[in-house]
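The sequence and structure come first.

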Amino acid sequence: NFDPLRLFQKFQTLGGFGVVRLEPFSLTSNEIVLDVQTPPNGVISWLPATSIKITESIKETKSLKVGEPFTRIFTIVGEGITANQLPTLKHQQEKTNDFKVYSDKPTTEESIKDNKLTSWREESYTLIPQEPGSLTLPEITLPWWNVKENKISYAKIPQRKIEVLPAKDTVM
């Protein structure tokens with residue numbers, strides 16, 4: 001019969017890893033004082049950070065036509081916050097009837113340099129215009145708590161108008 005506990009006991013008596021017997025131990029370190037704050041009253045989205053910025057790039061916007069896709073990419077960069085804390089912008093990007101919106105899987109990364117945690121999240125959306133004319137790409141707003149200034153701040157991409165031409169006529 002295979003008994004993993006018995007196997008471990010035999011391993012221990014043979015001096016596994018150079019240890020003849022296991023003994024309890026404890027470690028200590030210098031005291032760390034944390035200033036834990038609660039969200040201020042009325043703040044719905046508690047996103048504490050040193051800095052948060054959003055940038056946008058749009059690909060394939062020359063001569064946009066109904067039914068032809070283009071790509072809108074957002075990059076959120078945060079300092080003092082982990083990558084998994086950076087929120088998605090999907091619900092804001094999808095609040096339009098002018099476009100069908102398809103999202104790709106976001107990419108995230110974080111690094112520590114000079115004792116500063118910096119994280120980023122990139123989200124890519126394929127938008128397909130549904131009608132010709134002057135269409136509006138929605139404003140993207142990300143509220144966050146500025147821990148340096150102890151107040152709410154906003155990272156924003158303003159709304160913008162784009163011109164969309166009618167779809168190509170097809171010859172039958």
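I162 is in contact with L64, F70, F99, G133, S134, L135 and L137, leaving aside neighbours within four places in sequence; contact means heavy atoms within 4.5 Å. The model is a predicted one, in which local features need pLDDT of at least 70 and side-chain atom pairs count only at pLDDT 80 or more, while totals for chains, interfaces and linings use all residues. Residues are numbered from 1 along each chain as its sequence is written, and side-chain values use heavy atoms, with hydrogens and water left out.

I162 also belongs to the largest nonpolar core, which has 25 residues; I52, I54, F99 and I162 are those with the most contacts inside it. A nonpolar core is here a set of buried Ala, Val, Leu, Ile, Met, Phe, Trp, Tyr and Cys residues joined through side-chain atoms within 4.5 Å. Buried means under 20% relative accessible area, exposed over 50%, and partly exposed in between, with a 1.4 Å probe and protein chains only. Two or more residues of this core come from each of β2 (51-59), β3, β4, β6, β7 (133-137), β8, β9 and β10 (160-164). Strands are DSSP runs of E with at least two residues, and helices are runs of H or I with at least four, numbered from the N terminus. In soluble globular proteins, nonpolar side chains tend to be buried together.

## Aromatic pairs

The structure holds 3 aromatic pairs. Rings of Phe, Tyr and Trp (its six-membered ring) pair if their centres lie within 6.5 Å; planes under 30 degrees apart count as stacked, over 60 as edge-to-face and the rest as tilted. One of the pairs is F70 with F99, edge-to-face at 5.8 Å centre to centre and 80° between the planes. F70 is in strand β3 (residues 70-79) and F99 in strand β4 (residues 99-103), 29 residues apart, and the pair links these distant parts of the chain. Both residues are buried.

F74 and Y125 are also edge-to-face, with 6.1 Å centre to centre and 65° between the planes. F74 lies in strand β3 and Y125 in strand β6 (residues 116-129), so this pair ties together parts that are 51 residues apart in sequence. F74 and Y125 are both buried.

## The sheet β1-β8-β9

In the order β1-β8-β9, 3 strands form an open sheet with mixed pairing; two strands pair if DSSP finds at least two bridges between them. β1 (48-49) and β9 (151-157) are the edge strands, each pairing on one side only. Strand β8 (residues 140-146) pairs with β9 in the antiparallel sense over 7 bridges. Across this pairing, W145 stands opposite I152 and W144 stands opposite S153.

S153, in strand β9, is buried with a relative accessible area of 13%. Not counting residues up to four places away in sequence, S153 touches L142, P143, W144 and N146.

## Positive phi values

Most residues other than glycine have a negative phi, and most peptide bonds are trans. Which residue in the hairpin turn between β8 and β9 has a positive phi? N150 does, at about 55°, and the hairpin has 4 residues between its strands.

D114 is not a glycine either, yet has a positive phi of about 55°. D114 is found in the loop between β5 (107-113) and β6, and counts as exposed at 68% relative accessibility.
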